[in-house]
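Subject: Handover of a structure and the findings on it

Dear colleague,

Please find the structure below, followed by an account of what was found in it. I would be grateful if you read the text with the structure open beside you.

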Amino acid sequence: MLTSDQMRNEVIKYFLTSVPRDAAVTRIEYEGTKLAIYTKNPDLFLEQNQITRDLVSLIKKRVMIRSDPSIRLAPDEAEKKIREMLPPELSTHIYFDETLGEVILETDTPEDVGLQARSIGQQIAKATRWKPRILRAPAMESRYIQTVRQFLYGSPGDRADILRDVGERIFRTPVLEVGDVRITVLGGGQQVGRSAFLLETSESRVLIDCGISPGGRSGLNQFPRIDTRVIETLNLDAVAISHAHLDHCGFLPYLYKYDYAGPVFCLEPTATLMTMLQLDYIDVTGKEGAFAPYGGEEVRSTLLHTIPMKYGTVTNITPDIRLTVYNAGHILGSAIFHLHIGEGHHNIVYTGDFKFEKTRLLDSCASRFHRVETLIMESTYGATPIAFTRRETEALFSNYIKKATQRGGKVLIPVPAIGRAQEILLVLEALLSEKTIPEVPVFIDGLVNEATAIHTAYPQYLTAELQKAFEEQSNPFASDYFTPIRTRSQREEATAMKGPSIIMSTSGMLEGGPVLGYFREMAEDENNLLAFVSYQVEGTMGRKLLKGLKDVSMTDENGRAKIVQTRMEVEKVDGFSGHSSRQQLINYLRRVVPKPRNIIVCHGEPQAAESLARVAARIVPAKIYVPRNLDTMALS
Ligand code: ZN
């Protein structure tokens with residue numbers, strides 16, 4: 001890899017010798033993992049393809065030719081010009097990303113714009129010197145997408161400084177040769193929750209995931225064990241976040257409260273979804289009078305430091321580590337990480353949470369890699385044999401619903417906002433329209449509505465079937481049976497409605513959110529059904545109810561303490577999980593190519609992790625670790 005200084009020299013030489021006209025280059029600087037070249041020569045900016053190709057082959061790095069801010073039209077003037085160029089029937093939001101000199105055209109029909117993109121794009125760039133980027137508008141209203149835009153584009157100076165700084169860090173001259181590779185478990189060792197793994201080489205330090213434990217009651221068992229190594233002394237180069245669930249990213253903004261100022265690598269939907277969950281976490285802890293380890297300012301800072309990635313692309317994240325992200329099949333934007341250390345010195349695959357089966361929402365996860373010496377894998381269901389196929393699971397689920405609604409009961413489905421909620425929406429739509437279950441109204445409450453809206457902005461991450469639906473202008477997450485609940489009075493109406501209905505609400509483990517209000521109203525009627533469709537972490541209310549807890553102390557609508565007696569039917573349907581079943585975990589070990597020589601089993605309760613480790617030992621001739629938190633493994 002060329003270092004910063006070598007690269008700059010090569011680029012300057014190229015512009016002096018190979019580009020015939022006055023290149024009018026004003027600045028050459030990093031833009032995260034890319035190199036941005038600013039020019040006042042408008043033609044150069046338009047003919048960037050050949051130049052970027054030349055430079056990429058010269059310096060082996062992605063290059064962007066950017067217009068110098070001084071030649072760009074003022075945003076309001078540019079917007080006027082752009083609107084004149086776009087077909088009048090096209091509804092388009094226009095944003096300006098001043099950091100990158102890009103104009104974002106957000107439309108319901110990116111396919112239409114896409115068809116004409118080349119000519120319209122050229123025209124826009126020529127007339128305004130802003131480079132157009134076409135995005136899909138969410139098919140449903142989303143407050144959080146607006147917040148994310150505001151955070152990202154609202155303070156261009158900050159973002160530009162961050163991107164430059166990130167590049168300087170990544171492409172610094174390495175001082176030491178790659179020697180040892182060490183992994184320290186800071187969270188997620190023999191437990192489900194607070195995933196956090198510190199990867200150290202002689203040159204760099206990367207934190208992989210930075211979660212909280214949903215069932216934890218004190219800092220010591222709720223947050224990653226950074227307690228032993230204060231963040232400043234951790235001296236992190238980069239953080240990589242596998243997906244947006246809080247047990248993988250809920251502690252991340254805390255790092256920015258202290259000295260960490262480095263990048264966060266994740267997929268683009270993950271950046272949006274995690275911002276939503278982190279802001280909601282502050283909200284929920286505030287309402288409960290509990291301690292949130294950070295505030296909104298740190299969430300904004302986190303987002304400003306994200307470097308969005310795409311599946312399959314290789315990115316330098318430190319001087320000696322390259323990261324490639326693959327589909328994990330778990331939730332929107334979830335990733336399996338491939339970390340290539342040194343020039344082939346060691347390769348690590350970190351599965352994060354993964355699903356080795358196609359679902360209605362997502363394709364099955366990746367299992368083929370270039371090289372793998374160490375596999376770090378989750379084991380959530382490592383000790384839970386599930387006898388049912390996906391088809392049988394849906395049949396079981398529809399039977400529970402059928403029985404409950406036929407006896408006049410209501411069905412309460414607690415869901416985590418992201419992942420299972422959207423999968424269950426697709427399942428319910430199918431069951432209702434095929435009339436497999438009685439046609440009853442479905443009320444959807446809580447953060448689910450926001451999360452679903454975010455899914456509609458990123459269909460390219462979903463299955464081919466869903467992508468096709470979006471291309472044909474139909475939103476597969478909307479249905480005549482579904483009513484989103486957004487206000488208190490709508491909620492009261494839904495609760496008071498006579499006759500059977502289905503209510504889906506957050507949170508998935510009954511640890512807060514509107515689901516608690518519904519539970520309080522519904523629990524004492526034995527005709528009703530509480531149906532769990534996602535994993536219930538030890539210590540959560542959901543887990544306690546599954547274990548048979550009857551008397552639940554709650555507060556009523558006026559805030560007075562009250563004991564609710566659980567008489568409703570309580571069931572769980574495991575097969576919908578976004579995690580691999582025990583059998584799928586085993587299949588993954590059989591199929592993963594090439595075979596690793598080390599396997600680190602994590603993200604599972606002790607029994608689950610150990611049970612999977614025993615099977616793994618029979619399938620792969622590898623050294624197998626089942627570490628606890630704070631264990632360090634030197635990998636070879
Ligand atoms: Zn997850």
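Helices (H or I, at least four residues) and strands (E, at least two) are DSSP runs, numbered from the N terminus. The model is a predicted one, in which local features need pLDDT of at least 70 and side-chain atom pairs count only at pLDDT 80 or more, while totals for chains, interfaces and linings use all residues. Residues are numbered from 1 along each chain as its sequence is written, and side-chain values use heavy atoms, with hydrogens and water left out.

Domains

The chain is divided into domain 1 (4-70), domain 2 (74-137), domain 3 (156-384 + 581-634) and domain 4 (390-576); these bounds come from an automatic or database domain assignment. Between the C-alpha centres of domain 1 and domain 2 the distance is 24 Å. Nine residues from domain 1 and nine residues from domain 2 take part in their contact, where contact means heavy atoms within 4.5 Å.

The size of an interface is often given as the accessible area lost when the parts come together. For domain 1 and domain 2 the buried area is about 780 Å², with 54% of it on carbon and sulfur atoms. Buried area is the accessible area (1.4 Å probe) that two parts lose on being put together, summed over both.

Across this interface of domain 1 and domain 2 the rule finds one salt bridge, a salt bridge being a side-chain nitrogen of Lys or Arg within 4 Å of a carboxyl oxygen of Asp or Glu. Arginine 66 and glutamate 102 form a salt bridge in which the closest N and O atoms are 3.0 Å apart. On the side of domain 1 that touches domain 2, helix H2 (42-46) and strand S3 (63-67) each supply at least two residues. The residues of that side of domain 1 comprise five nonpolar, two polar and two charged. In this grouping Ala, Val, Leu, Ile, Met, Phe, Trp, Tyr, Cys and Pro count as nonpolar, Asp, Glu, Lys and Arg as charged, and the others, Gly among them, as polar.

Salt bridges

Side chains of opposite charge can pair when their charged atoms come close. How many salt bridges does the count come to by this rule? The count is 37 salt bridges. Arg66 and Glu102 belong to a network of salt bridges that also links Glu31, Asp97 and Arg133.

Three further pairs may be followed in the structure.

- Glutamate 10 and lysine 13 meet in a salt bridge through their side chains (3.8 Å, N to O). The two are three residues apart in helix H1 (residues 4-17), and therefore about one helical turn separates them. Glutamate 10 is partly exposed at 26% relative accessible area, and lysine 13 is partly exposed at 48%. Here buried means under 20% relative accessible area, exposed over 50%, and partly exposed in between (1.4 Å probe, protein chains only).
- Arginine 169 forms a salt bridge with aspartate 165, with 3.5 Å between the closest N and O atoms. These residues are four residues apart in helix H7, so they are separated by about one helical turn. An α-helix has 3.6 residues a turn, so residues three or four places apart point the same way. Arginine 169 is partly exposed at 25%, as is aspartate 165 at 35%.
- Arginine 322 and glutamate 343 meet in a salt bridge (3.8 Å, N to O). Because arginine 322 lies in strand S14 (residues 321-327) and glutamate 343 in the loop between strand S15 (335-341) and strand S16 (346-350), the pair ties together parts that are 21 residues apart in sequence. Arginine 322 is partly exposed at 27%, whereas glutamate 343 is exposed at 65%.

Buried parts

Is arginine 136 buried or exposed? Arginine 136, which lies in strand S6 (residues 131-136), is buried, with a relative accessible area of 14%. Leaving aside residues up to four places away in sequence, arginine 136 touches several residues, including Glu106, Asp108, Glu111 and Phe470.

Helix H13 (residues 296-304) is mostly covered, with seven of its nine residues buried. Among the buried residues of H13 are Glu298, Arg300 and Leu304. The elements against which the buried residues of H13 pack include helix H7 (156-170), helix H12 (268-287) and strand S12 (306-309).

Yours sincerely
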